[in-house]
Structure formats: C-alpha cells, structure tokens
Amino acid sequence: MATPSQSVRVGAVLASALAALGSLTACGGTDHRAQTAAQQVPAAATGTRCHTSELRASVGRMDPGAGQRNFPVVLTNVSSRTCTLHGYPGAAFVDASGRQLGPDPKRTPGEPATVTLAPGRSAWAGLRYAAPEVSGAHAATPAALLVTPPDERKPLKVRWTAGEVPVGGNASSVFLTAFEAGSGP
C-alpha cells in the first residue's frame, strides 16, 4: 500500500510528465526533416511502427570513396498499411551457416527522425566501413547481411554480394546511420 507522501510524489511526477507532453505537442515536437514531401501522409493516415513481416530489405549500390565502402540499407513497406520507422536498424554480417562475422556495427551519432512509410515507400540507413585492403583489418566474405528493423527482434536476410568486409583488427569498425526517407543518397 502506498503512503500518502508516495501518492503525492507519484501524482506530481505524472502531472509534470503530462505538462511536458503538452508542451511538446504545442511546439510541434515531431521532427519531419528526414521525410520527403512524397512520403509525408496526413496524420489520420499514419499507423504504428513497422513490423518485420511488413518490410522487405535490400542493399543498394556501393558508393566508394577514399578507401571507404558506403551502402544504403533499404527497408520497403510491403504491407497495405502505413507504418513508421524511428532510429537505427540492427545489422550483422553472417556466413553461410548463419554465424556472425565481426562485431555489431556502431551507430553514427545523429538525431533519428520518425520516417512514415506509406505502402510501397522506403527508408534507408547508411552502412559504411573502411575497405579491408586499405585499412589492414582482418576480413571475411559474408554470405548475407541480417537487417533488423527498429524495435523488432526478427531480422530480414539480404544476400551479400559486395565482397569482403572488416571483421577484426585495427580499423575494423562498421558504422550505421539512422533511417531517412527514400532509397539512398
């Protein structure tokens, strides 16, 4: 049983939280900078977060640069409802037996935005790493990239055809950016 002073404290915390939520709503607390005009939908049409079963994953064309390998990791809404993604994907390179190669990618600092995906629309996150032949990192050739949507546990499997990736040693880090609207830069 709660004591009167605990009840008062809980009530004060709840009142403060509601006041803060009201302030955010009044100030337009949602960040829509990452959405393109084509992907913005009326508030009444927006749904809840996207689930793994409603998405298809793909990896776009490599964009090399100064010893770097850059790829868009794309999630496309294949369902008949509008859903949202917020944050970063999970990702892991795996061999043919499903064993993970190297550590999990690191998140690139940034301000994740909520991306609204109407049916057929896509969001992408950047995957980058130093080319193993340039960095001197230990390398392996994955069979697939597992991509897990934000707040989900089940990954989507994408066949990896872009050769070796760093899996250990100096300069072996792989990085991911937060989702943005579209299918790549």
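**Disulfide and sheet in a predicted model**

Guide: In this predicted model, the sulfur atoms of C50 and C83 lie 2.0 Å apart and form a disulfide.

Visitor: Why is the pair C50 and C83 called a disulfide?

Guide: The cut-off is a pair of cysteine sulfur atoms within 2.5 Å. C50 and C83 have theirs 2.0 Å apart, so the pair qualifies. By this rule the count comes to 1 disulfide.

Visitor: What makes the disulfide of C50 and C83 right-handed?

Guide: The torsion about the S-S bond is about 90°, and the disulfide is therefore right-handed.

Visitor: Which parts of the chain does the pair link?

Guide: Distant ones: C50 sits in the loop between α1 (4-26) and β1 (55-59), while C83 belongs to strand β3 (residues 83-86), and the two are 33 residues apart.

Visitor: Are C50 and C83 buried or exposed?

Guide: Both C50 and C83 are buried, which means that each has under 20% relative accessible area.

Visitor: Why do β4 and β10 count as edges of the sheet?

Guide: The open sheet has 3 strands in the order β4-β9-β10, with antiparallel pairing. β4 (90-94) and β10 (156-159) each have a single partner strand, so one side of each has no neighbour in the sheet. From one strand to the next, the twist averages 25°.

Visitor: How do you know that β9 and β10 pair?

Guide: Pairing requires at least two bridges between the strands. Strand β9 (residues 144-148) and β10 have 4 bridges, so they pair, in the antiparallel sense.

Visitor: What is the bridge partner of L146 in β10?

Guide: The partner of L146 there is K157.

Definitions and conventions:
Residues are numbered from 1 along each chain as its sequence is written. This is a predicted model: local features need pLDDT of at least 70, side-chain atom pairs count only at pLDDT 80 or more; totals for chains, interfaces and linings use all residues. Side-chain values use heavy atoms; hydrogens and water are left out. Buried means under 20% relative accessible area, exposed over 50%, partly exposed in between (1.4 Å probe, protein chains only). Axes are lines fitted to C-alpha atoms, for helices over the stretch in contact, and angles run from 0 to 180 degrees between N-to-C directions.
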